[in-house]
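Try each task before you read its solution.

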Amino acid sequence: MPGTCVIGLQWGDEAKGKLVDILTEHHDIVVRYQGGANAGHTVVSGGETWKLSLIPSGILRDGVTCVVTGGVVLDPAAVLREIDMLEGRGVTVGSKLLLSDRAHVVFPWHVAEDRLLDASLSGGEPIGTTGRGIGPCYRDKVGRAMAIRLGDLYRADFPATLRHVVALKQRFLAGGGPAAVPLDADAILADMRRMAARLGPHVRDTTAYLLDAVEAGRRVLFEGAQGTLLDVDHGTYPFVTSSNSSGLGVGPGSGVPARWIDRSIGVVKAYSTRVGGGPLPTEQDNAIGIHLRERGNEYGTVTRRPRRCGWFDAVAARYAARLSGVDELAVMLLDVLGGLDQISICTAYEIDGRRTTDFPSHVDDLRRARPVYETLPGWHEDLSVIREQVGLPGAAQRYVERIAALLGRPVRIVSVGPDRAQTVFRDGDGDARGPAEGGGLPWPRQPAPVRA
Ligand code: GDP
Ligand code: IMO
Ligand code: MG
């Protein structure tokens, strides 16, 4: 069975990029299948830091093909900037990168709309989007009347289509006040043609390519962007992104049915972070939050906004693990918790006096959720130098095992620093205890994966 997917189980920035880079070694193809230039994935290797946004984090390894599928909303200027950055630093992109002709194109008007609309949604509290035009582009994709796909840029009727869409957009954006951007169809057309010419060699039907690949037994790694709790259907709506950023999005985004995926890895930070608006029940607006932000360098990869920080929320992460259907966990940034005498984990919420381990479907209920904490001893050792499971201090081991028990999945990977090398692989699944064995919240055992 050829497919592995890496899915964030929180609100993004779980260090998926680092994990994908490591796992790429065992795969032939790495796939980005949803989201767009809102993602910022970091890979650190040999003292060099790489920040990737649209191009899969597998691009840094030789002999791997990187595919951006039709589920992605693609800003041509952002892809070209990334290609130039990589080539400028000695990474050959060339034929390693394939872009779907079905991917919807992010145009300048999407970025303008994103900035205009964010403040006026959701009862006054802005979502705090990344401002990359993601929501408006997905809205046009679903709306169909004003959408243009990457493959359309190469068609003879593209100039006419673009002029038609610009005329419609001008009417829709006209009421936008001083922030409204005048759209110059000729200038946009010229820009798009120039960029399309450069991107042309990468563009193809990636659905057909990936179906051929899985049927031929090639090993494919699916790189999730954002995190499960930002999923448009199952996350903390409306404080979400505009795609299915949970594990549920792999099939629709890539065109590869779930039956080809035999390993799903849920990625969590050892604590919680969130950028932008929306509830974060375990947020620590105090010295703990500052400790996490400063030790974890919790500033947005894309926007440099300070990330909101708090304790690990096992209620939210367990919901995410079930929803995304992950079989195992990777716990990242464990080193950041070093130096704390005690560490808390949220194991339940109290909502209007009622205790629950269910994750609420309405954001207002989540706002009222008061976390119920369990406290574990911390550690003061420097984890960043540790490479073997046995080297982890007892308190750190117990913390990781508690996460496994609460989420009902084994922790196979622990990350203790940003570098590729700062990774501990764990074996055995004795730590994935259900409640009967004295473990955490009730959870059903994963059914065996469907075999092709
Ligand atoms: P992604 O969006 O999920 O790929 O995550 P980001 O790259 O946005 O954010 C993760 C940040 O944590 C990056 O700056 C990584 O270099 C860094 N990082 C990854 N793993 C570790 C770790 O184990 N420890 C520490 N201290 N930093 C890490
Ligand atoms: P990676 O892949 C963290 C957040 C934004 C905002 C909300 C909607 O690096 O984990 P959008 O621009 O998508 O319409 O913004 O989603 N957001 C992310 N937060 N990591 C990300 O990606 C994110 N992508 C979007 O901050 O709250
Ligand atoms: Mg990120």
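A polar contact is a pair of N or O atoms within 3.5 Å. Keep that cut-off at hand. The model is predicted.

**Exercise 1.** Find polar contacts between ligand 1 and Lys16, Thr301 and Arg307.

*Solution.* Start with Lys16. One of its polar backbone atoms is 2.8 Å from an oxygen atom of ligand 1. Go on to Thr301. Here an N or O atom of the side chain sits 2.9 Å from a ligand 1 oxygen. End with Arg307, where a polar side-chain atom is 3.2 Å from an oxygen of ligand 1. Next, look at the area. Ligand 1 alone exposes 580 Å², and the protein buries 93% of that.

**Exercise 2.** Describe the shell around ligand 1.

*Solution.* Sort the shell by class: 6 nonpolar, 7 polar and 6 charged residues. Then turn to secondary structure. Helix H1 (16-24) and strand E3 (41-45) each give the shell at least two residues.

**Exercise 3.** How compact is the chain, judged by its radius of gyration?

*Solution.* List the elements: 12 helices and 20 strands. The radius of gyration is 22 Å, close to the 22 Å of the globule rule for 452 residues, so the chain is as compact as a globular protein of that length. Check the extent: the C-alpha trace spans about 65 × 50 × 40 Å along its principal axes. Finally, look at burial. Of the 452 residues, 59% count as buried.

Conventions
Residues numbered from 1 in each chain as written. Chains lettered and ligands numbered in written order. Predicted model: local features only at pLDDT ≥ 70, side-chain atom pairs only at ≥ 80, totals over all residues. Heavy atoms only, no water. Near = heavy atom within 4 Å. Polar contact = N/O pair within 3.5 Å; in protein donor to acceptor, adjacent residues only side chain to side chain. Areas by Shrake-Rupley, 256 points an atom, 1.4 Å probe, with all protein chains shown as cover. Helix = DSSP H or I, 4+ residues; strand = E, 2+ residues; numbered from the N terminus. Nonpolar A, V, L, I, M, F, W, Y, C, P; charged D, E, K, R; others polar. Rg over C-alpha atoms; globule rule 2.2 N^0.38 Å. Buried < 20%, exposed > 50% of the residue type's maximum accessible area, 1.4 Å probe, protein only.
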